[in-house]
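Let's walk through this structure together, one part at a time. Please keep the sequence and the 3D view at hand as you read.

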Amino acid sequence: MPPPSNRSATQSPTELSNPRTTDIDQLGTLELLHRLNAEDASVPTAVERVLPEIARAVELAVRSLENGGRVHYVGAGTSGRIAALDAAELPPTYNVPPEWFVVHLAGGQPAASGAVENAEDDDSAGAAAVREAAEGSDLVLGLAASGRTPYVLGALRAARELGAGTVLVSANPHRAEGPPVDVEVVVETGPEPITGSTRMKAGTAQKLVLNSFSTAVMVRLGRTYSNLMVDMVATNTKLRERTVRILREATGASESECLAALRTTRGQLKTALVHLLGGVDAARAAEALARTHGHVRDALRALES
C-alpha cells in the first residue's frame, strides 16, 4: 500500500469552488452548455501566457532527442491518459521511433482505460519507473494539475538524480513542495466548472500544451516541410492518398509524376519530395537527407551548394 500523502494543506486553485458555476444544476441544458463553453474559452488564453516556458521545454526535448535521448511523460489519471494519447499519435504522424516518447502512467496499463486512483499517491513507484527507464540524456516531463501528485513528483526527483532534464506542467501557481525542475509550465486555468474535476479545464490545458510541445519538437527536428507531414507513415488507403496530395502540393507536380516518384523511392515521401524539388535521382536525394539529419530544406540547400 502506498505511504500516506504528506501533501501541503495549500489548496490548488483547481480544488476551489468556481463562483461562476454555483447555480449550474439549476440551468436549462443549452444555458448549462453555454456556461461550460465560456469556462473552456478561457483555456487557450491561459496557455498563451506560458508559451515562453513551453518553448524552453521544446528546446530541452530537441536537445535530448538529437543527442540520442528520449522524452518521458509522467502522469496520473487524466494527465497520464492525455500523455499516452499524445505519445501514441507521434509514430504514425511523424514516423518517429516509438521509443522516443515513453509514457509512465500511475497504475500502469489498467489506468489507461479505468480509474486506479490510489496509484497517484505512490511517489516511490514514480521514482522507480524513471530509474528503470530513463538516462541522464533524457527529458522527463511530468503532468499534474495540482502540481503535487506524489507519483509525478517522485518521478521528477529521480530524474534530477539521474541528471535528466525536467519539466512540470501544472495548473497550480502556489506549488510549495516537490523537487525543483528545469522548466515549470503553470497554466492558470483557475477553479473548475465542477469543483475539483480536473479532466475539464486543467485537462484541456494539458492537451493543448502537449499538442503544441510535441508538434513543435517534430517541426524543429525536420519532421515537416512547410506545414506538411512529410514523415507520415502511409499505412492505409486514406494515408496513401494523402501522401500523393502532400507531394503534389509541395512540388506542383502532376499526380502521375508524384506516383512515379513514390515508386522510385519505395514510398518514402520525404525522399520523393527532395527527388522532385532538387531534380536529382532518388539515391542522391536520400543521401542529402541523411547528411542533413532529415531536414528537407537543409537537404535542398546542400544539393545547391
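This is a predicted model: local features need pLDDT of at least 70, side-chain atom pairs count only at pLDDT 80 or more; totals for chains, interfaces and linings use all residues.

How much area is buried between domain 1 and domain 2, and what percentage of it do carbon and sulfur atoms give? The domain assignment puts domain 1 at residues 13-221 and domain 2 at residues 225-304. Taken over C-alpha atoms, their centres lie 34 Å apart.

Now for the answer: about 530 Å² is buried between domain 1 and domain 2, with carbon and sulfur atoms giving 52% of that area. Helix 4 (residues 78-94) supplies the largest share of the side of domain 1 that touches domain 2, namely four residues. Sorted by class, that side of domain 1 has four nonpolar residues, two polar ones and one charged one. Counting contacts across the boundary, seven residues of domain 1 meet six residues of domain 2.

What about polar links between the domains? Across the interface of domain 1 and domain 2 there are zero salt bridges, while two residue pairs are in polar contact, both at pLDDT 80 or more.

Helix 4 comes up again when we turn to the annotation. An unreviewed UniProt entry lists E89 and E120 under "active site". These residues span 32 residues in sequence and their C-alpha atoms are 24.4 Å apart, so they do not gather at one spot in this model. If you want to find E89 in your view, look in helix 4.

One to look at joins the side chains of E39 and R20, with 2.7 Å from N to O. E39 sits in helix 1 (residues 29-40) and R20 in the segment before helix 1, so this pair ties together parts that are 19 residues apart in sequence.

Conventions. Residues are numbered from 1 along each chain as its sequence is written. Side-chain values use heavy atoms; hydrogens and water are left out. Domain bounds come from an automatic or database domain assignment. Contact means heavy atoms within 4.5 Å. Buried area is the accessible area (1.4 Å probe) that two parts lose on being put together, summed over both. A salt bridge is a side-chain nitrogen of Lys or Arg within 4 Å of a carboxyl oxygen of Asp or Glu. A polar contact is a pair of N or O atoms within 3.5 Å; within protein, one must be able to donate a hydrogen and the other to accept it, and residues adjacent in sequence count only if both atoms are side-chain atoms. Helices (H or I, at least four residues) and strands (E, at least two) are DSSP runs, numbered from the N terminus. Ala, Val, Leu, Ile, Met, Phe, Trp, Tyr, Cys and Pro count as nonpolar, Asp, Glu, Lys and Arg as charged, and the others, Gly among them, as polar. UniProt positions are given in the numbering used here, feature names are shortened, and annotations may be inferred rather than shown by experiment.
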